[in-house]
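Here is a friendly walk through one model, taken a question at a time.

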Amino acid sequence: MIAAYALPDRDLLALCTVERCRAGGPGGQHLARTESAVRIVHRASGLEARCQDHRDRLANQAAALARLRLRLALHLRGEADPAWVAAQRRGRQLPLGAGSASYPLVVAAALDALVAAEGQLAPAAQALAVSTTQLARLLVDDKEVRAAANAVRAAHGHGPLHA
């Protein structure tokens, strides 16, 4: 079975509850009149993501779905395919950032490798055929990813990674 975070947007949304609401905070009258904020909840896991950054509801929904996809990748272990990393790898480098559509997939594979390596970076990097430095950069670029990696490392008695 394909991991929820690897599904196309339409299929992932079918597994979720999408709620529209009025956005709070600064923004003037427009925010008070429209329901442009979006909250998406993955029904099976209870994980959720919200977005009210944009004036357009569809833009907020796309951003919330991207956030939910990453949160699912951070919490669902053992479902990642190492081929997702191989598709992004250039030599031993991983030239992708948090804005890439493949980012949640690569993060999930990296965290699965870190779990298999009992929190040690070098064996996890070797399993993914990337450099230890590249794996460390991937795991510290985003605060939620860093927290998940540090939880794995702490469970095995290793110190935290720092940005």
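Helices (H or I, at least four residues) and strands (E, at least two) are DSSP runs here, numbered from the N terminus. The model is predicted, so local features need pLDDT of at least 70 and side-chain atom pairs pLDDT 80 or more, while totals for chains, interfaces and linings use all residues. Residues are numbered from 1 along each chain as its sequence is written, and side-chain values use heavy atoms, leaving out hydrogens and water.

Q: What percentage of the residues in the chain is buried?
A: Buried means under 20% relative accessible area, exposed means over 50%, and partly exposed is in between, with a 1.4 Å probe and protein chains only. The chain has 163 residues, and the buried share of them is 42%.

Q: Is Leu105 buried or exposed?
A: Leu105 is found in helix 5. Contact means heavy atoms within 4.5 Å, and leaving aside neighbours within four places in sequence, Leu105 is in contact with Tyr5, Ala6 and Trp84. Its relative accessibility is 18%, so Leu105 counts as buried.

Q: Why is the aromatic pair of Tyr5 and Trp84 given its class, and which class is that?
A: The structure holds one aromatic pair. Rings of Phe, Tyr and Trp (its six-membered ring) pair if their centres lie within 6.5 Å, and planes under 30 degrees apart count as stacked, over 60 as edge-to-face and the rest as tilted. The rings of Tyr5 and Trp84 have centres 5.9 Å apart and planes at 75°, so the pair is edge-to-face.

Q: How many residues apart in sequence are the parts that this pair ties together?
A: Both Tyr5 and Trp84 are buried. Tyr5 lies in the segment before helix 1 (9–14), and Trp84 lies in helix 4 (residues 83–88), so the parts tied together are apart in sequence by 79 residues.

Q: Which helix supplies the largest share of the lining of the largest pocket?
A: A pocket is found on a 1 Å grid over the protein atoms alone, as an open set of points where a 1.4 Å probe fits, with protein on both sides within 12 Å along at least five of seven lines; lining residues have an atom within 4 Å of a point. About 340 Å³ of space lies in the largest pocket, where grid points are joined across faces, edges and corners and the volume is the space filled by probe spheres set on the points. Of the 19 lining residues, the closest to its centre are Ala62, Leu65, Ala66, Arg67 and Arg69. The largest share of the lining, nine residues, comes from helix 3.

Q: What is the phi of Glu118 near?
A: Most residues other than glycine have a negative phi, and most peptide bonds are trans. Glu118 lies in the loop between helix 5 and helix 6 and is partly exposed, with a relative accessible area of 48%. Its phi is positive, near 55°.

Q: What distance separates the C-alpha atoms of Arg57 and Ser36?
A: Arg57 lies in helix 3 and, at 28% relative accessibility, counts as partly exposed. Leaving aside neighbours within four places in sequence, Arg57 is in contact with Arg20, Glu35, Ser36 and Val38. Arg57 and Ser36 are 21 residues apart along the chain, and their C-alpha atoms are separated by 4.2 Å.
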